[in-house]
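Here's a set of questions and answers to work through with the structure open. Take your time and look for each item as you go.

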Amino acid sequence: MHRVTLEWRDGREATVDVAESETVINVTEREGVVVPYGCLYGACGTCTGRLLEGNLVHSERPRGLKPRHRQDGYVLLCVAEPRSDCRIEVGARVQADLVPNPWK
Amino acid sequence: MIESTVSYTIMSTDEPSHSTETQGHEHHEVKGPGYPTPAAMRTESEREKTAFVMAPRVGMDVDGPDFIGVVDVDPDSDTYAELIDTVEMPNKGDELHHFGWNSCSSSCHAEGLTRDYLIVPGQRSSRIHIVDAADPRQPTIEKVIEPEDVFEYDLSAPHTVHCVPGGKIVISMLGNADGELPGGFLQLDQDDFSIDGHWESDRGDMKMNYDYWYQPRHGVMLSTEWAAPKTYYPGFDLDDVENSKYGDSIHIWDWETKEHRQTLTFGEEGLIPLEIRMPHNPEETEGYVGAALSSNVIRFWEDGDGNWEWEKVIDIEDREHPDWDMPVPGLVTDLLLSLDDQYMFFSNWLHGDVRMYDISDTGNPRLVDQVWAGGNFGDRQEVSGHDIRGAPQMLQLSRDGRRLYWTTSLFSSWDNQFYPEIGEEGSLMLKADVYPEEGRMELDEEFVVDFGDAPGGPARAHEIRWPGGDCTSDVWQ
């Protein structure tokens, strides 16, 4: 079991215990912690978080992320399982980082 | 499951319809679940009294599922322009988007069928909800087809729903079970909403999918292209356009044999062809598609030998904006034709206007009016004290062609890029009064439904439909 600390940009924080065989979204849903998600198989990016500290693995290919996103620490929490205690930035605004307005 | 009541009255709008059995008439009066002609729907139906509005909350920091909103649009009602009911989905994260009916005018002579059930897919979840809408003021969830049951057919990302003749429902599917290409079409049975399997028998070179329309009298179906779900789901990335990950073609199918027949490739003129509409007159063999990214409207037609051709008929010019580095495209995201096929309406979601064209000369659409509301160029940024978040997007026209309603959200992740305030505070439903005799329309400054105030938290209002059918749901044989 790993301690996963979730941090929102408005300063809120929550901590959940996640087993290595569970995804972060499985646990936030079970614990009633509101973290957005969509497809639940790593394609849509709605559950995007940014790993600030620790180690997570994707149990399925995170198809919704491009290589540049992965280099920058973005993870898809619907298919992400912890391998250590982690700190992750979460919330709808993190998803919006992935692709900015291309013309502005 | 369907209480088998044949309606011998014109299936109208707002009355509960499970038990509409009345006195018998001759067969030629039997209307089944729809109207015998587009004109019958336009002239003999009542004014819309309620609207079903998809209201996703996906991608928001809101603790709630998406819902189906019921909006009161009866001006004589005490709750006019209010959200009078919300049907929350059993799961979160669906992204309710487009939806359709179990049956419609295409099954005009199918006795025993009633237009009672809404088919409501989750674009992101791939979950499909069957909603009993017999009481239009109080719909209830009847059945849920779970994503795993859809993935079994190697399909995902359900989009356009049409009821089709022969007791079937066909849904365009944008991806395979991994959210990659190719997509296809999923067929459901109207009786028990079980999955039959793929509709298509041979998809030829079709890989991308989005919307479709069909003209059964001519045995033809046409489908459009967005991108692979894994491409468009996370947001709009110009690199993906440069790498040809977005569509630029439409596909012609044989409606009877379900085989792919022809691909019309537009190239730069027709990047991201989304909403496709054909005239309601079942004799017609032409139509229009809105190319969102190129911001063009393209007309297509059959040349007489079963071969299809196309031409660009409307080109929305990009506009300079002081706060933007590059010229802003209009982004033609939704388009519809009035039931009498005289007017076309479409939205420019990034500019902020909805336009009305006279299409009585189909190859030469004539701009007759436009309404600006919100967006990046609209002077008007509020209606009745409500800030307009977003811009005209999903459109719905009243059956009589006199009221145009729209909502202002496009797609959760794309909202985040272009109108991030929608992700915080939800979108709106607005309305214009249309005067077809005069070829003009006017924003109704009294009408606003702010989905930011929805019970349980804000939502992104999206597609709109009337009980009883509308000009984007029904097709005639």
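Two strands pair if DSSP finds at least two bridges between them, and strands (E, at least two residues) and helices (H or I, at least four) are DSSP runs numbered from the N terminus. This is a predicted model, so local features need pLDDT of at least 70 and side-chain atom pairs count only at pLDDT 80 or more, while totals for chains, interfaces and linings use all residues. Residues are numbered from 1 along each chain as its sequence is written, and chains are lettered from A and ligands numbered from 1 in the order in which they are written.

Q: How many bridges join strand 8 of chain B to strand 9 of chain B?
A: Strand 8 covers residues 156-164 of chain B, and its run is antiparallel to strand 9.

Q: Which residue takes a positive phi in the hairpin of strand 8 and strand 9 of chain B?
A: This hairpin has three residues between the strands. The phi in question is near 90°, and it belongs to B:G166.

Q: Which residue is the bridge partner of B:I169 in strand 10 of chain B?
A: Strand 9 also pairs with strand 10 (residues 184-189) of chain B, antiparallel and through six bridges. In that pairing, the partner of B:I169 is B:L188.

Q: Why is strand 9 of chain B largely enclosed by the rest of the structure?
A: Start with the cut-offs: a residue is buried if 20 or more other C-beta atoms lie within 10 Å of its own, exposed if 12 or fewer, and partly exposed in between, with C-beta atoms placed from the backbone. Strand 9 spans residues 168-175 of chain B. It's largely enclosed because, of its eight residues, the number buried is seven.

Q: Which residue joins B:P182 through a cis peptide bond?
A: B:P182 sits in the loop between strand 9 and strand 10 of chain B. Omega for the cis bond is about 5°, and the other residue is B:L181.

Q: Which residue in strand 6 of chain B stands opposite B:V120?
A: Strand 6 (residues 128-132) of chain B is largely enclosed, as four of its five residues are buried. Five bridges join it, antiparallel, to strand 5 (residues 117-121) of chain B. Opposite B:V120 you'll find B:H129.

Q: Which residue in strand 7 of chain B stands opposite B:V131?
A: Strand 6 of chain B also pairs with strand 7 (residues 140-145) of chain B, in the antiparallel sense over five bridges. Across from B:V131 is B:I141.

Q: How many residues are in the largest nonpolar core?
A: A nonpolar core is a set of buried Ala, Val, Leu, Ile, Met, Phe, Trp, Tyr and Cys residues joined through C-beta atoms within 7 Å. B:A55, B:I119, B:F345 and B:L404 touch the most other members. B:I119, for one, touches residues including B:V161 and B:I169, not counting residues up to four places away in sequence. The core's total is 157.

Q: What is the bridge partner of B:F300 in strand 19 of chain B?
A: Four strands of chain B form an open antiparallel sheet in the order 16-17-18-19. Its edge strands are strand 16 (273-277) and strand 19 (308-315), each pairing on one side only. Strand 18 (residues 296-302) and strand 19 of chain B pair over seven bridges. The partner of B:F300 is B:W310.

Q: Is A:L40 buried or exposed?
A: A:L40 lies in the loop between helix 1 (24-31) and strand 3 (48-53) of chain A. Its phi is positive, near 70°, though it isn't a glycine. With 24 C-beta neighbours inside 10 Å, A:L40 counts as buried.

Q: How many residues of chain B take part in the contact with chain A?
A: Residues are in contact if their C-beta atoms, placed from the backbone, lie within 7 Å. Chain A gives 23 residues to this contact, and chain B's share is 32.

Conventions. Two residues are in contact if their C-beta atoms, placed from the backbone, lie within 7 Å.
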